[in-house]
Amino acid sequence: MFSELITRAVAQLDNELPFVVYRKPNKTIVHSVFQKDAQLHLVDDFSESGFVFAPFDSDNQAILLPAHEVLSEAFIKKNNQSANKTIKDVDQNVQHDFYTELVKKAIVEIQNGAFKKVVLSRKLEVECRTLPLMLFKKILATYENAFCYLWYHPKVGLWLGATPEILLRTSGLRLTTMSLAGTTPYVAGEIPRWGNKEMEEQNMVTDYIVNTIKTRVDDLNLSETKAVRAGNLWHRRTEVSGNLKKSGLSEVIGALHPTPAVCGVPMASTKAFLLENENYDREFYTGFLGELNIQENLFEHNGAVRQTAANKTEAEKVTELFVNLRCLQLVNSIAQIYVGGGVTRDSVPEKEWQETVGKSKTMLSVLFDQ
Ligand SMILES: C=C(O[C@@H]1C=C(C(=O)O)C=C[C@H]1O)C(=O)O
């Protein structure tokens, strides 16, 4: 099993045609969307249907892969299949001083009252000789509770990731989103311990989400805050849901993205700060991706069933978008890994550095064959 979809994706990549393969958290079915030509389709108002891939900077337009052809297959993990336990030592230290100085600069801005929280990030480059679809199979086997994907467009590039964070899900007028922030290492057999810094930074994300959607939904509901595991890390997560007063996906996405889980509080000044100071272009890292206005029955779940957009029947349209985290971009044989973390008044620069090193292991552990 699982060969037809991979074979089809390899051919699409060889032919330099756009496609995405992805699996939702805790599911076994892998979906794929193949575009029949190499045209670059841009999202205009989020009323379109297909797979959306949006950059961090919402001043730049999102990309759409129309579902010209879709294919689904079950992925069953082999027992011995997972990421390497011993991660090849990658020297990241050349970025240490720049990053910790950046954190210090942000703390000074916070002390001066310019903003309350900012999410800083960096890009790490390592050589990678593994075939992209082999990497995809490895992340599927390793990160079962993540949204795993490989996305390719010849005019844009090839991205791959395993993200723990939902931006939003809508089905009809039902809206679900989440506040995910605060990070501490996962240690087998130990429960996570949270400091004030992690609790405060996640509360800021929750407050922002609630304030953003409370006028737009009825029956706003917040779950209790839980620790959720993402690979070698724990995060704090609160689920937020409600019933949209009117449909208007574009407006809700525009209001939510970028949340303080990836940008800061307040949004405008922190976005300006990081665009000016991070010293690299985030491109699609901390943007979002996923199904946009997809008919619920577009994908058949019984084995490999090919279906064209023409023979679908009327069903509810569902949108399910994830924040593009724990991801990399493959440029020739260089993997560019993107990592970041939230900085508040209580941040310790060295700890923030270590947090980004921890996050880099999500992708590093799947890059190298032992
Ligand atoms: C920015 C990243 O992650 C985000 C930042 C977090 C934090 O600051 O603790 C935790 C989860 C994500 O919302 C990343 O993974 O690069």
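## A buried tryptophan

At 2% relative accessibility, Trp 353 counts as buried, because the cut-off for that class is under 20% relative accessible area. This is a predicted model, and in it Trp 353 belongs to helix 7, which runs over residues 349–367.

When its neighbours within four places in sequence are set aside, Trp 353 is in contact with Gln 92, Asn 93, Gln 95, His 96, Tyr 99, Thr 100 and Arg 122. Ala 268 is 85 residues from Trp 353 along the chain, and the C-alpha atoms of these two residues are separated by 24 Å.

## One side of helix 5

Helix 5 spans residues 249–256, and its buried residues are Leu 249, Val 252, Ile 253, Ala 255 and Leu 256. They lie on the same side of helix 5, because the arc they cover around the axis is only 165°. Among the elements that cover these buried residues are helix 4 (196–213), strand 14 (233–244) and strand 18 (317–323).

## Nonpolar cores

The largest nonpolar core has 51 residues, of which Tyr 149, Trp 151 and Trp 159 touch the most other members. Another core, of 38 residues, lies apart from it and includes Phe 34, Tyr 143, Leu 150 and Met 363.

## Around the ligand

There are 18 residues around the ligand, and those that come nearest are Glu 165, Thr 183, Tyr 285, Arg 326 and Gly 342. For Arg 326, a polar side-chain atom lies 2.6 Å from an oxygen atom of the ligand, while for Gly 342 a polar backbone atom is 2.7 Å from a ligand oxygen atom. Of the 390 Å² of accessible area that the ligand has on its own, the protein covers 100%.

Methods: Residues are numbered from 1 along each chain as its sequence is written. This is a predicted model: local features need pLDDT of at least 70, side-chain atom pairs count only at pLDDT 80 or more; totals for chains, interfaces and linings use all residues. Side-chain values use heavy atoms; hydrogens and water are left out. Helices (H or I, at least four residues) and strands (E, at least two) are DSSP runs, numbered from the N terminus. Buried means under 20% relative accessible area, exposed over 50%, partly exposed in between (1.4 Å probe, protein chains only). Contact means heavy atoms within 4.5 Å. The arc is that of the directions from the helix axis to the C-beta atoms. A nonpolar core is a set of buried Ala, Val, Leu, Ile, Met, Phe, Trp, Tyr and Cys residues joined through side-chain atoms within 4.5 Å. A residue is near a molecule or strand if one of its heavy atoms lies within 4 Å of it. A polar contact is a pair of N or O atoms within 3.5 Å; within protein, one must be able to donate a hydrogen and the other to accept it, and residues adjacent in sequence count only if both atoms are side-chain atoms. Accessible areas come from the Shrake-Rupley method with a 1.4 Å probe; for residues, only the protein chains shown count as cover.
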